[in-house]
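Biologist: I've got this one open and would like a close look at a single part of it. Could you walk me through that part and how it sits in the rest of the chain?

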Amino acid sequence: MKGSNLFSDVAVACTKHTHAHSDMSATENYNIVKSVRSRLGIAKDNTTTNRPDNFLGSEIISSLPLQMSLFYNVYFAPIWFTGVATSLQLKHSELPAVYKAVTPTVLLIMSILEVIRLYCGYVGNLKERVPELAVFWMVTLVLQLPLCLFSLLNSEAIILPMEVSVQAILLAFVVVELIVSTSTISHMTSVQETKFSLLQSPDSTETTT
């Protein structure tokens, strides 16, 4: 009788030790994930509950291909501006009267749009913000892409070889970023909708009960 009681006490003690160890491991894993997220500079930690096994928001949904394209585009932008401005200075006296005013205006507008576009793309992708990515996508599709095609394909503007090369590279960046950002916005929106629904589910169950 005493042997059976001793065996049951040992079994209960082992069970309690196992549960305590598992809770400690879950807490340590939660703290590790939170520390890594803070060091990586992820925008927002959506783990709003106190449960250690809640890893909402731990998934990084930023697009690596989009970020790489934006990174190289930032370094190429000064080269593009220098090449187009130099070509414009060389051919300005040979341009028709209309293009003497239109071509510098197009270059100025494209330069401003490129700064806005790259900034919104960087912020939207790194911080996982859909509004900034939407602005980046709209500026790229509606404004920058038509201006790139106009500057590259308009034969009356006397396009020089150096201008063709830099405009073609910029057009390649624009097309790639437009395609990748479309899928990125779609994926980011669906993931954030899932997170929101999961965060709202405890409140909905409490109200129904």
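What share of the 209 residues of the chain count as buried? And then please take me through helix 4.

Modeller: Of the 209 residues, 33% count as buried. Keep in mind that this is a predicted model. The chain averages a pLDDT of 78, and 67% of the residues score at least 70. Where pLDDT is low, the predicted coordinates should not be read in detail.

The overall layout is quick to describe: 5 helices and 0 strands, so to speak α-α-α-α-α along the sequence. Residues 24 or more positions apart make up 72% of the chain's contacts with a separation of 6 or more.

Now for your helix. Helix 4 covers residues 130-153, which is 24 residues; at 1.5 Å a residue they should span 34 Å, and the end C-alpha atoms are 33 Å apart, which agrees. There is a bend, though, of about 40 degrees at threonine 140. Thr140 is itself one of the buried residues of helix 4. Others on that list include Val130, Leu133, Phe136, Val139, Gln144, Leu147, Cys148 and Ser151. An α-helix has 3.6 residues a turn, so residues three or four places apart point the same way.

Where do those buried side chains go? Cys148 belongs to the largest nonpolar core, which has 22 residues; Cys148 is among the five that touch the most other members, along with Phe76, Trp80, Met110 and Leu170. Helix 2 (64-91), helix 3 (97-126), helix 4 and helix 5 (161-208) each supply at least two residues of this core, and helix 5 gives the largest share, 6 residues. As for tryptophan 80, its contacts, leaving out residues up to four places away in sequence, are Leu107, Met110, Ser111, Val166, Gln167 and Leu170. Apart from that core lies another, of 13 residues, and Leu133 is among them, as are Leu70, Cys120 and Val180.

Finally, look at the loop between helix 3 and helix 4, where glutamate 128 lies. Glutamate 128 is buried, because its relative accessible area is 12%, and the cut-off is under 20%. Its side chain reaches the backbone nitrogen of isoleucine 61 at 3.2 Å.

Note on methods
Residues are numbered from 1 along each chain as its sequence is written. This is a predicted model: local features need pLDDT of at least 70, side-chain atom pairs count only at pLDDT 80 or more; totals for chains, interfaces and linings use all residues. Side-chain values use heavy atoms; hydrogens and water are left out. Helices (H or I, at least four residues) and strands (E, at least two) are DSSP runs, numbered from the N terminus. The expected span of a helix is 1.5 Å times one less than its number of residues. The bend at a residue is the angle between axes fitted to the seven residues ending there and the seven starting there. Buried means under 20% relative accessible area, exposed over 50%, partly exposed in between (1.4 Å probe, protein chains only). A nonpolar core is a set of buried Ala, Val, Leu, Ile, Met, Phe, Trp, Tyr and Cys residues joined through side-chain atoms within 4.5 Å. Contact means heavy atoms within 4.5 Å. pLDDT is the predictor's confidence in each residue, from 0 to 100. A polar contact is a pair of N or O atoms within 3.5 Å; within protein, one must be able to donate a hydrogen and the other to accept it, and residues adjacent in sequence count only if both atoms are side-chain atoms.
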